[in-house]
Amino acid sequence: MQCQVCQKREATIHLTEITDGVRTEMHLCEHCAQEEGIAVKSQLSINELLSSLLATQPSDDELFGDTEQELSCPHCGFTLGQFTKEAVLGCPHDYEVFEKLLLPLIEKAHDGKTVHCGKVPSKMPKDTKKQIKLTALHQQLEVAVQSEDYELAAKLRDKINQLK
Amino acid sequence: MKLTDISGDINEWFDGSGPLADIVISSRIRLARNMAGHKFLSRCSAAEKSEILKKLRDILMSLELGDKIFYLSVDKTPVLDRHFLVERHLISRHHAFGKGPRGVVIAQREFFTAMINEEDHLRIQMLKGGLQLTRCAEQINRIDDMIEQKIDYAFSPRYGYLTACPTNLGTGIRVSVMLHLPALKMTGQIEKFLNATRDMGLAVRGLFGEGTEAAGDFYQLSNQVTLGISEADIVAQFENAIIPEIVEYENTARNQLLSKEPDVLDDKISRAMALLRNANLISSQEALFLLSHLRMGINMHERMGASTPAIKRLCKLSAASGNADKPQSISITTINRLFMLTQPAHLQLNYGKTLDAAHRDILRAKIIRSALNG
């Protein structure tokens, strides 16, 4: 189907409006839909996500009371200003250095989750492995309770107690 | 090994075999990893990147993968070859056209690749035909374990595997399934599918062609959440719930076309056959679009016993195209080969020299005519 406006590109946005019982339909291509001011973006790019999150956050100055200079990582010299431009961090330590600022972004990107509960390198100490396993079990327990699967919830609770 | 050793044929994961392969083209699992004690790539000097590259390359080349493996320095590879690797899904566009010392390790049968110095120090991936995520996960996990014996990964007990971009943090896993959904498109339900998957927090993009456009009705579906959920749970969600449900929707749409709109279905297949068998010039986009309809027609015949007049003609055509002793059929493999081999870089690499778009269109049409007319 062709776009009603430009008559050239394929219509990918289809709008149905019902006003006072009268139904009108519009078929537009993405370009013309944007021209008409119809929002068509269903996914935010990482850059957009970053910009929107960081824009609403307190500045480094407000957070750290440092009015002289922007916070930078002592290991790699990275600043959050660079992060908003490049969307990648400078080194693994940045996760600690910028933790307060990154946390809302991590939460947003991962459906509210902020704690790892997957694979653990075999070289990690036993305690670390146990802790991560417990986190995973607690999350599974939460899901089981929410979906009212009490049999599974009971099994998970037993596993948690055993591990503790 | 030379790239021309593999460019004349399709990769193993695209040969039409594997569970639900009529709709699920392939399963892919990728893990993102970084080495402890090094900066992420955006802050590495060329010398540090070279050091990481050498270390990881040596480790990967020493792995026992049950297949020959070869290494390519991507930054020293000609542009056409890099395009070929992208078309082949062996490296990402980002890796092909990025900066600095970087490379890729490829298993000859193309089920495994490892990109070194892409966005993270290391990205390893396993690919298989059809819906085989659990097997992909087991195998990539084993390879990850082998690498982990030889180096320390950047890992935090709280955040898991530390990645350059926080969107990959935690497990560093990206599960992707490539789907062929022509009937959902034809019956006008594809937008509903796209919206539903996005609501579930999944990413959808095209498999072939540029950017996010889904040329040829091929879609790639991936997880976006990598933290706070285990690898096994992500894989199980895809393999046991999300993908079987989409496959069922596509099958329902195919049945709907057969029972309610056989003329629409036949028109699409007849037009596609006529154009592909007769065109003298054909663009990559048009070829993908038309081949998609033939692929669906053959699959509907093979899997659902569909025999509308156009599908019958398509099958007669396949019987007539071979010699009398051994009728050669237009199999799914033939169609899959055309999807893969008529892409711009494949055409040029197999032709032996660079061609402009107009000449590529002539060559593409010729290859398709010859495959479909016998």
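A:A87 is partly exposed, because 19 other C-beta atoms lie within 10 Å, and a residue needs 20 or more to count as buried. The model is predicted. A:A87 sits in the loop between α4 (80–86) and α5 (94–97) of chain A. Its backbone stands out too. Phi of A:A87 is positive, about 65°, although the residue is not a glycine.

A:E148 is not a glycine either, yet its phi is positive, near 60°. Is A:E148 buried or exposed? A:E148 counts as exposed, because it has 8 C-beta neighbours inside 10 Å and the cut-off for exposed is 12 or fewer. Look for A:E148 in the loop between α7 and α8 of chain A.

Now follow the helices on either side of that loop. Two packed helices are described by the angle between their axes and the distance between the axes. Helix α7 covers residues 126–146 of chain A, and helix α8 covers residues 150–163. Their axes are 9 Å apart, and the angle is about 160°. Angles over 145 degrees count as roughly antiparallel, so α7(A) and α8(A) are roughly antiparallel to each other. Their crossing is left-handed.

Which residues of α7(A) and α8(A) make the contact? From α7(A) come A:K130, A:K133, A:L134, A:L137, A:H138, A:Q140, A:L141, A:A144 and A:V145. From α8(A) come A:L152, A:A153, A:L156, A:R157, A:K159, A:I160 and A:L163. By class, this contact has ten nonpolar, four charged and two polar residues.

Turn to chain B. It has 14 helices and ten strands. Its radius of gyration is 21 Å, close to the 21 Å that the globule rule gives for 374 residues, so chain B is as compact as a globular protein of that length. Its C-alpha atoms fill a box of roughly 65 × 45 × 35 Å along the principal axes. Of the 374 residues in chain B, 48% are buried. Take the contacts in chain B between residues at least 6 apart in sequence: 69% of them join residues at least 24 apart.

Chain B has a helix pair to inspect. Helix α9 spans residues 262–278 of chain B, and helix α10 spans residues 284–304. Their axes come within 9 Å and cross at roughly 125°.

On α9(B), the contact uses B:K268, B:I269, B:A272, B:M273, B:L275 and B:L276. On α10(B), it uses B:L290, B:H293, B:L294 and B:G297. Seven of these contact residues are nonpolar, two are polar and one is charged.

Finish where the chains touch. The contact takes 34 residues from chain A and 35 residues from chain B. On the chain B side, α5 (133–150) and β6 (155–156) each supply at least two residues. The side of chain B that touches chain A has 15 nonpolar, eleven polar and nine charged residues.

Key
Residues numbered from 1 in each chain as written. Chains lettered and ligands numbered in written order. Predicted model: local features only at pLDDT ≥ 70, side-chain atom pairs only at ≥ 80, totals over all residues. Helix = DSSP H or I, 4+ residues; strand = E, 2+ residues; numbered from the N terminus. Rg over C-alpha atoms; globule rule 2.2 N^0.38 Å. Contact = placed C-beta atoms within 7 Å. Nonpolar A, V, L, I, M, F, W, Y, C, P; charged D, E, K, R; others polar. Axes fitted to C-alpha atoms, helices over the stretch in contact; angles between N-to-C directions. Parallel < 35°, antiparallel > 145°, perpendicular 65-115°, else oblique. Left-handed = near helix turned anticlockwise from the far one by under 90°.
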